[in-house]
Amino acid sequence: MSSLNILNGAVILPGKAQPESAPLHISDEHIATVGRADPHGETIDASGLLVAPGIIDLGVFATDKPAFRFGGITRAALMPDQSPTHD
């Protein structure tokens with residue numbers, strides 16, 4: 001079982017307009033808790049960084065996998081104005 005703590009980052013939380021500073025605990029590749037860290041887990045200092053679980057971009061004109069990975073985009077939907085239309 002792997003355990004990871006991300007500390008001091010600005011965390012994007014559901015229902016919140018602005019990111020909040022909160023510790024984030026990840027266990028087995030899933031977010032386990034927000035606001036509480038595991039004292040035995042590996043720690044990453046995210047000072048000055050934005051922490052998000054994955055960004056979905058619904059306005060993509062072309063796919064660029066390296067750019068998506070660099071920008072934190074985990075899912076993308078192509079715009080429907082392509083010819084022929086993508087299904």
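Me: What does Gly35 count as at 48% relative accessibility?

Reply: Buried means under 20% relative accessible area, exposed over 50%, and partly exposed in between (1.4 Å probe, protein chains only). Gly35, at 48% relative accessibility, counts as partly exposed. A word on the source: this is a predicted model, where local features need pLDDT of at least 70 and side-chain atom pairs count only at pLDDT 80 or more, while totals for chains, interfaces and linings use all residues. Residues are numbered from 1 along each chain as its sequence is written, and side-chain values use heavy atoms, with hydrogens and water left out.

Me: Where is the place of Gly35?

Reply: Start with the elements: helices (H or I, at least four residues) and strands (E, at least two) are DSSP runs, numbered from the N terminus. Gly35 sits in the loop between strand S5 (30–34) and strand S6 (42–45).

Me: Which residues is Gly35 in contact with, leaving aside neighbours within four places in sequence?

Reply: Contact means heavy atoms within 4.5 Å. By that rule, Gly35 is in contact with Ala22 and Pro23, once neighbours within four places in sequence are left aside. Glu20 is 15 residues from Gly35 along the chain, and their C-alpha atoms are separated by 9.9 Å.

Me: How many salt bridges does a search of the whole structure find?

Reply: Side chains of opposite charge can pair when their charged atoms come close. A salt bridge is a side-chain nitrogen of Lys or Arg within 4 Å of a carboxyl oxygen of Asp or Glu. The whole structure gives 1 salt bridge. Lys16 forms a salt bridge with Glu20, with the closest N and O atoms 3.6 Å apart. Lys16 is partly exposed at 46% relative accessibility; Glu20 is partly exposed at 32%.

Me: Now backbone angles. What is the phi of Asn8?

Reply: Asn8 is not a glycine, yet its phi is positive, about 70 degrees. It lies in the loop between S1 and strand S2 (10–11). Asp28, also not a glycine, has a positive phi of about 50 degrees. Its loop runs between S4 and S5. Asn8 is partly exposed at 49% relative accessibility, and Asp28 is partly exposed at 39%.

Me: Step back to the whole chain. How many helices and strands does the protein have?

Reply: There are 1 helix and 9 strands. From the N terminus, the order is β-β-β-β-β-β-β-β-α-β.

Me: What box do the C-alpha atoms of the protein fill?

Reply: Along the principal axes, the C-alpha atoms fill roughly 55 × 30 × 20 Å. The radius of gyration is taken over C-alpha atoms, and the globule rule is 2.2 Å times the number of residues to the power 0.38. A compact globule of 87 residues would be near 12 Å, but this protein has 16 Å.
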